[in-house]
Amino acid sequence: MDRQLRKGLLEFCVLAAIRAEDSYGYKMIEDISPYIDISESTLYPILRRLEVAGKVKSYNTEYNNRIRKYFTITEDGKNSLQEFEKDRMELLKVLEFIAGGRQHE
Amino acid sequence: MNKQEFLKALKRKLRKLKRGERKKYIEYYDEIISDIVESGVSEEEAVKKQGDLEQIAEEILTNTNPANLRSRDWGGIVLVVASAILLSRCIAPLLFKMLYDVNVSTSIGIIGGADGPTSILIAGKIGTPWGLYIATAVVVIITIIYFVKKHFRK
């Protein structure tokens with residue numbers, strides 16, 4: 001997928017990955033990678049950005065004698081996902097336009 | 001490469017990042033590699049899966065807010081230079097005297113070994129610019145406090 005496009009979508013993918021329950025780095029990658037290409041080194045900058053923007057929060061828990069950092073979605077994060085849902089129809093139209101599906105109508 | 005080697009190398013590559021920010025990345029990779037290992041992959045494989053270190057560091061640095069990059073610490077540089085100059089001003093005359101005394105004692109050959117250090121002590125006391133010593137001590141202490149504080153900040 002195009003780099004710029006992927007970058008924009010990944011933020012929403014990360015938010016979606018923690019929408020239902022809190023998650024951690026490795027699990028997020030497992031959950032997201034079937035849908036879109038994501039690597040360890042792309043995930044963390046996104047998480048940091050979202051954290052700074054107040055869309056996710058993190059907390060540490062102990063697991064197997066080591067620290068595991070969990071991420072949880074905030075109200076702001078949920079709002080972002082809702083906004084994206086609203087844009088969905090618009091997005092679909094754009095995709096169709098780009099694909100040229102409407103030309104013969 | 002094992003996990004520790006990988007983390008150490010990454011830390012070096014990320015030295016442009018602020019300490020706190022860099023620590024977060026190291027902890028993140030520590031956790032992720034441990035998780036991959038626990039899923040049944042060898043440590044070497046888990047590290048290899050991360051890809052090229054150079055590229056990882058590059059990706060992190062380009063995605064980092066410039067506010068989290070380390071800036072040149074001019075205050076620290078000025079303090080270190082000032083300390084160095086003052087210290088050398090204090091030590092240089094002593095050093096000179098010591099060398100001179102040693103030369104004298106060896107060339108004359110009369111003055112006993114114990115006289116060397118003693119004469120330095122006396123000479124030091126006579127011609128000592130106390131203001132310089134105090135100023136040096138103050139600047140050096142300020143410099144030390146500055147860097148200790150910086151180390152523990154964030």
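## An aromatic cluster across two chains

In this predicted model, ring pairs tie five residues into one cluster: Y44(A), F6(B), Y25(B), Y28(B) and Y29(B). Chain A brings Y44(A) to that group, while F6(B), Y25(B), Y28(B) and Y29(B) come from chain B. Counted over all chains, there are nine aromatic pairs.

## Two edge-to-face pairs

Take W130(B) and Y133(B): the ring centres sit 5.7 Å apart with the planes at 85°, and since planes over 60 degrees apart count as edge-to-face, that is the label this pair gets. W130(B) and Y133(B) both belong to helix α7 of chain B (residues 130–152), and because they are three residues apart there, about one helical turn separates them. As for cover, W130(B) is exposed at 54% relative accessible area, whereas Y133(B) is partly exposed at 26%.

Y146(B) and F147(B) make another edge-to-face pair, with ring centres 5.3 Å apart and planes at 85°. Here Y146(B) is partly exposed, with a relative accessible area of 27%, and F147(B) also falls in the partly exposed class, at 34%.

## A positive patch on chain B

Over on the surface, K8(B), R12(B), R15(B) and K16(B) come together as a patch of positive charge. Where does K16(B) lie? K16(B) is in the loop of chain B that runs between α1 (3–13) and α2 (19–38). Its relative accessible area is 57%, so K16(B) counts as exposed, the cut-off for that being over 50%.

How values were computed: Residues numbered from 1 in each chain as written. Chains lettered and ligands numbered in written order. Predicted model: local features only at pLDDT ≥ 70, side-chain atom pairs only at ≥ 80, totals over all residues. Heavy atoms only, no water. Patch = residues over 30% accessible without salt bridge, like charges linked within 9 Å, V, L, I, M, F, W, Y side chains within 5 Å. Areas by Shrake-Rupley, 256 points an atom, 1.4 Å probe, with all protein chains shown as cover. Salt bridge = Lys/Arg side-chain N within 4 Å of Asp/Glu carboxyl O. Lys, Arg positive; Asp, Glu negative; His and termini not counted. Charge placed at Lys NZ, Arg CZ, Asp CG, Glu CD. Helix = DSSP H or I, 4+ residues; strand = E, 2+ residues; numbered from the N terminus. Buried < 20%, exposed > 50% of the residue type's maximum accessible area, 1.4 Å probe, protein only. Phe/Tyr/Trp six-rings, centres within 6.5 Å; stacked < 30°, edge-to-face > 60°.
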